[in-house]
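Subject: Structure for you to look at

Hello,

Here is the structure I said I would pass on. Please open it first, and then read my notes below it.

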There are 2 protein chains.
Amino acid sequence: MPMEALIERIVREGQGIGRGVLKVDSFLNHQIDVALMDEIGRELAGRFAGHSVTKILTVESSGIPVACAVSRAMGYLPVVFAKKAAPNTMVEGVYSTDVKSFTKETVSTIRVSRKYLQPTDRILIIDDFLAYGESAMGLTRLVKNAGAAVAGIGVVIEKQFQGGSGKLKEAGYLVESLAVIRSITDGNIEFI
Amino acid sequence: MPMEALIERIVREGQGIGRGVLKVDSFLNHQIDVALMDEIGRELAGRFAGHSVTKILTVESSGIPVACAVSRAMGYLPVVFAKKAAPNTMVEGVYSTDVKSFTKETVSTIRVSRKYLQPTDRILIIDDFLAYGESAMGLTRLVKNAGAAVAGIGVVIEKQFQGGSGKLKEAGYLVESLAVIRSITDGNIEFI
């Protein structure tokens with residue numbers, strides 16, 4: 001079920017660009033509306049209540065404020081964000097996997113320290129966007145590498161026409177999206 | 001005045017590495033303790049109350065959860081995070097400046113869309129760490145380029161021995177840090 005306040009916001013401020021890019025820089029990807037994040041956090045938390053989530057996993061950067069808002073609404077579960085670069089303070093063992101970006105036409109390696117994913121964990125994967133599903137699939141691989149379980153995948157905006165949600169559901173994952181976009185054509189955004 | 005709960009946490013979980021690196025991956029830079037973030041947010045908000053802040057500016061990635069927590073404690077002020085890479089959806093005019101990282105020995109360009117910094121803004125700059133001050137100085141340059149005012153600079157952890165806070169205060173900025181570290185030697189962290 002879509003989140004009305006979010007859809008209204010996308011309609012008002014979102015910009016469709018080229019072949020399938022949605023720009024929501026005014027509240028999600030560059031400027032952040034923290035009040036809206038808190039509503040989004042409560043909404044996503046509600047969808048995964050009863051799934052025995054122990055930890056929230058996202059990827060830098062735009063997933064972080066969403067993941068923190070979900071954590072707050074789920075009793076302050078720990079958040080872990082996968083890193084895209086290998087910082088000099090990340091020296092111990094890591095789980096890593098390569099993730100392709102269709103929009104940027106790049107491949108990046110995402111990493112999580114082994115100590116922050118345990119076999120007993122039930123991980124809720126959170127992200128801002130679900131497009132081709134490469135990022136979310138990459139995060140599920142990190143969880144599997146740790147021997148942990150994926151409790152589900154929650155995203156703010158799903159671009160259904162790019163196939164990621166279908167791929168994740170086929171792989172057996174529970175996917176929840178607060179706004180589902182059917183198409184972006186000539187700047188026109190059509191929701192489901 | 002230092003924030004006791006934060007200092008206790010650094011003492012318990014922080015790791016001094018090499019010549020001046022502090023690793024706090026378990027609650028700030030990789031795994032995030034959102035409850036602690038909220039306390040940090042309230043503490044930093046209190047230090048800048050009465051400074052007529054209109055917007056919070058940080059830089060991706062670890063500054064984002066801190067900035068969002070401060071926003072929540074200041075009546076949901078908008079947060080803007082400067083980006084380190086030029087994404088394909090950031091096409092319009094930007095303010096940009098180069099920032100050196102002493103620890104990573106790299107120079108990166110940080111960018112903010114012009115439309116999210118207005119001449120009427122009074123900007124509170126928020127970051128996780130203040131070391132040599134390169135990142136914070138870079139953010140002040142972006143604010144100045146926009147003709148906006150810097151209301152102050154608030155950071156979670158200041159490594160005073162690396163000189164950034166001194167430099168920023170000399171330039172006339174109000175700097176508030178919740179934990180101030182005098183030295184890191186052979187893994188031993190000494191606080192002020």
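Start with Val70(B): apart from neighbours within four places in sequence, its contacts are Gly41(B), Leu44(B), Ala45(B), Ile56(B), Ile126(B) and Gly154(B). Two residues are in contact if their C-beta atoms, placed from the backbone, lie within 7 Å.

Before going further, note that this is a predicted model, in which local features need pLDDT of at least 70, side-chain atom pairs count only at pLDDT 80 or more, and totals for chains, interfaces and linings use all residues. Residues are numbered from 1 along each chain as its sequence is written, while chains are lettered from A and ligands numbered from 1 in the order in which they are written.

Val70(B) also matters for the next count: in the largest nonpolar core, which has 119 residues, Val70(A) and Val70(B) touch the most other members. Such a core is a set of buried Ala, Val, Leu, Ile, Met, Phe, Trp, Tyr and Cys residues joined through C-beta atoms within 7 Å. A residue is buried if 20 or more other C-beta atoms, placed from the backbone, lie within 10 Å of its own, exposed if 12 or fewer, and partly exposed in between. In soluble globular proteins, nonpolar side chains tend to be buried together.

Helices (H or I, at least four residues) and strands (E, at least two) are DSSP runs, numbered from the N terminus.

Now the two chains together.

As for the interface, 30 residues of chain A are in contact with 30 of chain B. On the chain A side, α4(A) gives the most, with 5 residues.

Where is Ser61(B)? It lies in the loop between β4 (55-59) and α4 (63-73) of chain B. Ser61(B) is buried, because 22 other C-beta atoms are within 10 Å. Leaving aside neighbours within four places in sequence, Ser61(B) is in contact with Glu60(A), Ser61(A), Ile64(A) and Phe81(A).

Regards
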